[in-house]
Amino acid sequence: VIFVPGRRRARSVEGSGPALIGPDEWRRARVKWGFGGAQALLLVGLVVIGLGPLLWLAKSAITPTNDTITYPMALFPHGTAWSNLQEAWSNVQVGRYFWNTVVLAIGSWFAQVFVATTAGFALSVLRPKYAKVITALLLTTLFVPAVVLLVPLYVEIVHPPLIHHSFIDSYWAVWLPAGASAFNVVLVTRFFDNLPREIFEAARIDGAGPFRLFWAVVLPMSKPILGVVSVFAVLASWKDFLWPLLVLTNPDEQPLSVRLPQIQSQTSLGVFLAALFIASLVPIIGFLIFQRSFLRGTGLGGAIKG
Amino acid sequence: MATVDPIDAHWTDSEPSVTSGLEYRRARRTPVTWVRGGGLATLLFLLPMLFVFGAFSWYPIVRTVIMSLQHTNLVSPATWVGLDNFRAVLNDPLLPKAVENTAEFAGLALIFGYPVPLVAAVLMSEVRRFRGVYSALAYLPVVIPPVVAVLLWKTFYDASPTGVFNTILGWIHLGPYPWLQSQQTALPSLVLESTWANAGGTVIIYLAALTGVNRELYEAASVDGASLWRKVWHITIPQLRGVLLLTMILQIIGTAQVFLEPYLFTSGGPANATVTVLLMIYNYAFGNSLGGDYGNATALSLMLAMFLALFSLLYLRLTRSWSSK
């Protein structure tokens, strides 16, 4: 049986949890009504605060602009305006920016997964003598705040050393820097560290070289961690604003996040809100499908940063 | 600051069973044996990472230090100017306001956003049904693209009496409030949105940490007749101290670099009431269409990074006695 780390954890997150309140205590009226009441209140609060703004956005995306401006909290006082969505998608070109966002996300995802798995494999499974030096250099970057990189990275994209060709307006300027995530490499390396080494030895004795070992043994065993890295890579790319704003100057190439602030001044409120709604659909649906990977990864993030 | 809960243990804690690499390489005396032994293959696997980190992480970090000591305009060759950039930034009349706003943002974000996720997580960890619904609802704002969140909240903050928030508050005869348009309320409005957008992540981190609290402690306390409050105060909170301290410093480091909210909500206004340090860095480098002042921008970002590093060190020292108890 191949031991698959991650399975157990996935279950335990939703498991019984700590018994701050024992079964006997739950039976006590004060605990039951006090704590149970607080929990119910929390649920109401979460629905209002967490879901409320999104429901309002969904409602307003299909409401005529005038109604949203005059009666923002009324539910379709003068009917719906499904045309907002259509207008946003084609007239304001949200469709085009949407696909730009998708292409940027796929490239960034690939760069991150490729860099993290190959580096993790080398550092954890092959373990050259200089692995410690590289790991130390990697960990240092975790302590450098992102702001330090912004300006020199931009100048580097405009005037790359050695190559005298600007990468402004090239998607490579977004894809490649996305791969430099020390967090991913650490996450994947730690996962590989915990795979059973007997399997690697067995594969080696059977004549598998390092490339086969990577492709046919290690990667298939790494689905849980690849899931975590993937959802966060795609989400981070979808959320990214400042970097694509700086390096992608041609509006036809820009992703949604960069275009949305510009769209606001070009169109009516109803169409604009429809554009916002379209932009948030993919992350929301992705989250609902891959909820487990998201929540596991966030919990892990807290553990690793410690 | 070890914050690994037992459930994470097989990810992070346990030592690998074999300490040396796979024996693809044996004798490494000549380049040929090195290649045959797998040394070249190892290097090939490391190559993508070395390239990407070298070009987009290690090199720019070094470059920041160099650029902060230079005048660069991307046209003529850079000239060394010593500490001139640092002097220019420190003499910028906008700097004190930006530092004050950034500190206020970080402070308000702690007041708004630090206790609530903890209370929510403690309540959620004892939910016996629909726990998935609770965590999904809490995390939902985190997956919304920040640009969408800010632009949506900008609509909510419409200062007219028919703005979304003003309408809601009008039901209980409050307002209308100016929200983003007043110097007094602009910054708190930014913090409120930022808290909404980020608190869910903290809740999930606390939830994961809560599963690591030793249940025997609770049981022992129950046997001793401890009340619910005493159990939370004397067991839950102390058991979570590592995570609590960690999320606090991470939140401070994050909010010290706040950019998106002031940039999209207010562009720093009204009357510089929401200018932050990062907005200043952005304006130095990219705000002027005639050409960026990269020297000042890198000098200020280095000073911010240094401050955060020193602050974190001090924080670690001050909290060490409590966190290692």
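**Chatting about helix packing in chain B**

Me: How do helix H6 (residues 115-125) of chain B and H10(B) pack?
Reply: They pack at an angle of about 45 degrees, with their axes 9 Å apart. This is a predicted model, where local features need pLDDT of at least 70, side-chain atom pairs count only at pLDDT 80 or more, and totals for chains, interfaces and linings use all residues. Residues are numbered from 1 along each chain as written, chains are lettered from A and ligands numbered from 1 in the order written, and side-chain values use heavy atoms, leaving out hydrogens and water.

Me: Is the crossing of H6(B) and H10(B) right-handed or left-handed?
Reply: H6(B) and H10(B) cross in a right-handed way (the near helix is turned clockwise from the far one by less than a right angle).

Me: Which residues of H6(B) make the contact?
Reply: Among them are B:Pro117, B:Leu118 and B:Met124 (contact means heavy atoms within 4.5 Å). On the H10(B) side, the residues include B:Tyr206 and B:Leu210.

Me: And where do the axes of H7(B) and H10(B) cross, at what angle?
Reply: Helix H7 (residues 131-143) of chain B crosses helix H10 (residues 186-210) of chain B at roughly 135 degrees, and their axes come within 6 Å. H7(B) passes H10(B) in a left-handed crossing.

Me: New topic: is A:Ser181 buried or exposed?
Reply: A:Ser181 counts as buried because its relative accessibility is 17% (buried is under 20% relative accessible area, exposed over 50%, partly exposed in between, with a 1.4 Å probe and protein chains only).

Me: Where is A:Ser181 found?
Reply: A:Ser181 sits in the loop between helix H9 (172-178) and helix H10 (182-193) of chain A.

Conventions:
Axes are lines fitted to C-alpha atoms, for helices over the stretch in contact, and angles run from 0 to 180 degrees between N-to-C directions. Helices (H or I, at least four residues) and strands (E, at least two) are DSSP runs, numbered from the N terminus.
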